[in-house]
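Here is a friendly note to read alongside the model. Please keep the 3D view open and find each residue as it comes up.

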Amino acid sequence: VVALSHDPGFDPYGSAFAANPYPIYRALRSKHPIFYSDKLGMLVFTRYRDIAEITTDRRFGRAPTQTTVSPFSDLPHFDRYVARNMLEMEGAKHQQLRTLVAPYFMPDRVQLLEQRVRKLTSQILDNLAPQRCMEFLEDVAIPIPVTVIADLLGVEEDARGQLRQWADATVRIYEHDHNQEDRHAAEQAVTAFADVLKQMIAHRRKSATDDFLSFLINAQRSAPTLTDDDVIATAMMVLNAGHEATVNASGNGLWALLNHPDQAATVRTSSLDAAKLVEEVLRYDAPLHFFHRYVLEDMTFADHKLRAGDRVGLLYGSANRDEEAFDAPEDFNIERHPNPHLSFGKGTHFCLGAHLARLELQIILPEMVKRFSTLEPALDVPDYHQGLVFRGMRRLPLIW
Ligand code: HEM
């Protein structure tokens with residue numbers, strides 16, 4: 001058993017990290033592949049092998065085995081609807097909820113949305129074309145996934161405008177540097193969002209529709225343990241997760257493509273496999289870099305002693321650039337195959353929305369570069385916001 005490696009000065013909320021975390025990850029993988037972070041208060045894993053193993057080892061989980069005081073007891077609605085969603089469950093309850101919801105997000109079902117996503121993308125790009133400039137995130141990367149997920153859930157038009165702000169405020173809490181004001185904003189957002197969902201549920205109890213929310217309510221008849229809180233938490237999770245990461249993946253991916261003009265040219269001129277392009281975009285600059293697991297029993301793992309109740313950090317963003325797992329990992333290569341990146345996670349919590357996210361990205365990214373043959377960013381240095389969990393840009397202005 002090795003002693004805990006000293007904190008190597010990992011500063012995920014510094015500007016160097018926001019600008020480019022990858023050289024920092026590379027140095028960590030070679031010198032401190034497993035280290036204790038004082039800032040995060042946990043042991044952090046940087047190597048592909050360790051991370052992939054932890055996500056599939058049942059001695060680790062998203063929920064601690066012993067009941068501890070909730071870190072969100074001061075935020076009653078957040079605690080009730082976000083801190084207890086599917087991603088924060090383990091074992092039988094997680095299995096039950098996931099099995100129930102999964103068919104809705106399987107490829108055959110998601111494929112039915114293809115025409116809708118294509119049409120929506122075309123319409124948005126048709127409207128923008130005469131302008132010869134756009135802010136990619138506001139104009140394209142946000143409206144497409146927000147519209148798709150809001151349609152899927154059946155959110156009425158007048159509530160849609162707020163979804164983005166609610167999701168932003170809610171997920172801010174996942175960053176370790178959040179402050180009291182952020183906590184207050186998250187609680188407010190979750191409260192408002194839950195009120196809208198409760199009204200939607202009441203409506204559907206009177207007359208069912210054919211959306212995801214009616215599907216969940218209907219499932220309650222045969223699964224009495226599926227509470228109203230579960231329905232609200234699941235709907236909220238799907239709405240938030242359903243667009244935050246997709247927005248950032250679109251921005252990060254388009255930036256990568258535009259900075260590799262030869263590869264953008266390949267997308268324009270050949271019958272490229274859009275699936276390969278999207279997997280590489282997700283690997284090369286993932287929108288989600290960091291997740292944690294609880295240690296469920298005392299054990300020794302990778303020569304480190306771990307105690308039940310400890311948390312460990314998994315740097316998916318680093319695993320995706322691990323030279324032991326990928327050839328030339330620092331190269332952006334849209335033909336890369338195989339590409340077993342960890343951007344959607346692995347194991348029991350593997351992203352439920354992966355097929356939907358892939359469908360959207362496989363349409364948006366090729367469409368953007370094909371439609372605008374002279375497309376270029378209107379800034380020299382990408383404007384990434386600070387963050388360890390979420391990696392994405394504040395804005396991506398484009399001209400053509
Ligand atoms: C590019 C876009 C996306 C990325 C990179 C992404 C990534 C992830 C990751 C890494 C996890 C696992 C977290 C962990 O290991 O602890 C996850 C879980 C999840 N994602 Fe996604 N996601 C994306 C889009 C979506 C979409 C569109 C949906 C909407 C349906 C969605 C719904 C979920 C759900 C429900 C879970 C929890 C699954 C469980 O706990 O069993 N995600 N996602």
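This is a predicted model: local features need pLDDT of at least 70, side-chain atom pairs count only at pLDDT 80 or more; totals for chains, interfaces and linings use all residues.

1. Residue numbers start from 1 and follow the chain as its sequence is written.

2. **The second largest pocket.** Let us start with a space you can look into. The second largest pocket holds about 360 Å³ of space, and 20 residues line it. Which of them lie nearest its centre? They are Arg164, Asp168, Glu244, Asn248 and His385. By type, the lining has 9 charged, 7 nonpolar and 4 polar residues.

3. **Where that lining comes from.** Several elements contribute at least two residues each: helix 8 (136-141), helix 10 (157-171), helix 13 (228-258) and strand 11 (393-395). Which element gives the largest share? Helix 10 does, with 4 residues.

4. Some background first: side chains of opposite charge can pair when their charged atoms come close. Glu244 and Arg164, both among the residues nearest the centre of the second largest pocket, form a salt bridge whose closest N and O atoms are 3.6 Å apart. Because Glu244 belongs to helix 13 and Arg164 to helix 10, this pair ties together parts that are 80 residues apart in sequence. Is Glu244 buried or exposed? Glu244 is buried, with a relative accessible area of 5%.

5. **Other salt bridges.** In one of them, Arg336 pairs with Glu280, with the closest N and O atoms 3.1 Å apart. This pair links distant parts of the chain, 56 residues apart: Arg336 is in the loop between helix 16 (316-319) and helix 17 (354-371), while Glu280 is in helix 15 (residues 274-284). Arg336 counts as buried at 9% relative accessibility, and Glu280 counts as buried at 0%. There is also a network, in which salt bridges that share partners join Arg116, Asp151, Glu157 and Arg160.

6. **A pair for contrast.** Arg172 forms a salt bridge with Asp177, and their closest N and O atoms are 3.2 Å apart. Arg172 is partly exposed, with a relative accessible area of 27%. Asp177 is partly exposed too, with a value of 33%.

7. Which protein residue is a donor of the iron atom of the ligand? The only one is Cys351, through its SG atom at 2.3 Å. Cys351 sits in the loop between helix 16 and helix 17, and Arg336 is in that loop as well.

8. **The cavity.** The structure holds 1 cavity of 30 Å³ or more. About 40 Å³ of space lies in this largest cavity. Its lining includes Ile54, Asp57, Arg58, Phe60, Gly61 and Arg293. Helix 3 (48-56) and strand 3 (60-61) are the elements that give two or more residues to this lining. Sorted by type, the lining has 4 charged, 4 polar and 2 nonpolar residues.

9. Strand 5 (residues 290-295) is mostly covered, with 6 of its 6 residues buried. Strand 5 pairs with strand 3 in the antiparallel sense over 2 bridges, with Val295 as the bridge partner of Phe60. Strand 5 also pairs with strand 8 (residues 311-315), again antiparallel, over 5 bridges. There, Phe290 stands opposite Leu315.

10. Another thing to find is an open sheet of 3 strands, in the order 4-12-9, with antiparallel pairing. Why does one side of strand 4 (133-135) and of strand 9 (376-377) lack a neighbour in the sheet? These strands stand at the edges and have a single partner strand each, so one side of each is left without a neighbour. Strand 9 is joined to strand 12 (residues 397-399) by 2 bridges, and Glu376 has Ile399 as its bridge partner.

Notes:
Side-chain values use heavy atoms; hydrogens and water are left out. On a 1 Å grid over the protein atoms alone, a cavity is a set of points where a 1.4 Å probe fits but cannot get out, and a pocket is an open set with protein on both sides within 12 Å along at least five of seven lines; lining residues have an atom within 4 Å of a point. Grid points are joined across faces, edges and corners, and a volume is the space filled by probe spheres set on the points. Ala, Val, Leu, Ile, Met, Phe, Trp, Tyr, Cys and Pro count as nonpolar, Asp, Glu, Lys and Arg as charged, and the others, Gly among them, as polar. A salt bridge is a side-chain nitrogen of Lys or Arg within 4 Å of a carboxyl oxygen of Asp or Glu. Buried means under 20% relative accessible area, exposed over 50%, partly exposed in between (1.4 Å probe, protein chains only). Donors are N, O and S atoms within 2.8 Å of the metal (3.2 Å for Na, K and Ca); water is not among the atoms, so sites may look incomplete. Two strands pair if DSSP finds at least two bridges between them.
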